[in-house]
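Open the model in your viewer and keep the selection tool ready. We will go stop by stop.

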Amino acid sequence: MFYQEKANIIQKCNVTFFFGFWRCLIKKNLTIKDVAAEAGVSVATVSRVLNSSGPVRPETAKIVQAAIDKLEYSPNGIASSLKTERSHIIGYVVTDIRNTVFTFLMAAIQDVLWEYNYSMMLFATNGDPAKEASILRFISMQKIDGVILNSCTNTQAILRLSKRIPVVLSGNDIADPAFAGDFVDSDNHAAVYMLTSHLIANGHRRIGIINGPYNLDVSTERFRGYQSAMSAIGIHMDESSPLVCESAFDVSSGYEAADSMFRLDAALRPTALVVANNELMKGVFKYCNDRHVRIPEDVSVVTVGNRHEMDHLYLSPTYMETNLDEIGDRLARLIVERIETEARLPKRVFRLPAFFHDGNTVRPLHAQTL
């Protein structure tokens, strides 16, 4: 009995699949002529409705749309792109899809792209230059109208790509005058300068920094902001200091970096940490929670982050907010403008301000620690 029922289910599934597949074939072969015949209008009228390319009486437009809905007709995007030489697809290349910064940027970018009838194709390099090079080769061979890059270590490949299709960068700029594209990011130097200065104003002097890899501009700029603030009070820091930690921009690296800081002798151990992004901060908080290091009683922590995630933490961090919505919006509008403007545009650079939020993760020191 069981096997018979199972056979009947399989047979039903096969029949369902067959008719579903055949239905898809029928839909695939539908043409604009079928819609015109169903609506009782000319092919030109259907074309004007589909492309909003000419005047159509409202009642006629309703009849055409009803025919489109009934037949479930979808214009052939491939054929359309061959005629217009555009696919209306934007490539978006990031280092790590697990990093929520890129998730929020992607949402802001997609909101704008939808306004202009563009779709997004997502790629992640995992911080691997070889993988990035492979992705760039793939993009160059596809019918992709433009690309937004948050990962750009292959400068020469990007220079070549920018001569073929519009490119907008974020995170890493390319100073080469041959680069034809735009750059958008936060003012990273100013953000970390302000955070470090805030710790200094609260009496801290042994201030460590947990930063990302120095082959990325965002990391270099944030380190220089820290360095400038410390130099202003006569403390000169460089990459060789035990209070300076270079790592990947991820949670596990934040955890490991915090461990290395707290293994220092008591006289060298930081009283405060500047943490370069949200993911590193999560790792630091996890380490402190696991090892019973109290924030801010045992160590003060400040970070560069975004407001979207702060409500989910067990502390309310003091941080500089990078406005991901505005950055994503700007990235998307720039790439669309480059695609749809025939004239050659000059390179444009936008550094958007970050905003200070005072939380509960900084303890004032009454006696300065030298």
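Predicted model: local features only at pLDDT ≥ 70, side-chain atom pairs only at ≥ 80, totals over all residues.

## Stop 1

Select helix α2 (residues 32-39) and helix α4 (residues 58-71): their axes come within 9 Å and cross at roughly 120°. Are the two helices perpendicular or oblique? Angles of 65 to 115 degrees count as roughly perpendicular and those over 145 as roughly antiparallel, so α2 is oblique to α4. The crossing of α2 past α4 is right-handed.

Now show the side chains where the helices meet. From α2, pick Asp-34, Val-35, Glu-38 and Ala-39. They are in contact with a set of residues in α4: Ile-63, Val-64, Ala-67, Ile-68, Lys-70 and Leu-71.

## Stop 2: a covered strand

Next, select strand β9, residues 300-305. How many of its residues are buried? The count is 6 of 6, so the strand is mostly covered, with buried meaning under 20% relative accessible area.

In a regular strand, side chains alternate between the two faces of the sheet. One side holds Ser-300, Val-302 and Val-304. The other holds Val-301, Thr-303 and Gly-305. Both faces are covered.

## Stop 3: the neighbors of β9

Look for Val-275, which stands opposite Thr-303 in β9. Then trace the chain from β8 to β9: it passes through helix α12 (residues 278-290), and this β-α-β crossover is right-handed.

Which residue in β10 is the bridge partner of Val-302? Select Thr-318 to see the partner.

## Stop 4

Go to the loop between α12 and β9, where you will find His-292 and Pro-296. The peptide bond joining Ile-295 and Pro-296 is cis, with omega about 10°.

His-292 is not a glycine, yet its phi is positive, near 60°. Is His-292 buried or exposed? His-292 is exposed, with a relative accessible area of 68%.

## Stop 5: one more positive phi

Finish in the loop between α6 (100-115) and β2 (119-124), and select Asn-117. Asn-117 has a positive phi of about 65°, although it is not a glycine. Asn-117 has a relative accessible area of 55%; exposed means over 50%, so Asn-117 is exposed.

Technical notes:
Residues numbered from 1 in each chain as written. Heavy atoms only, no water. Buried < 20%, exposed > 50% of the residue type's maximum accessible area, 1.4 Å probe, protein only. Helix = DSSP H or I, 4+ residues; strand = E, 2+ residues; numbered from the N terminus. Pairing = 2+ DSSP bridges. Right-handed = clockwise from strand over helix to strand, strands pointing away. Axes fitted to C-alpha atoms, helices over the stretch in contact; angles between N-to-C directions. Parallel < 35°, antiparallel > 145°, perpendicular 65-115°, else oblique. Left-handed = near helix turned anticlockwise from the far one by under 90°. Contact = heavy atoms within 4.5 Å.
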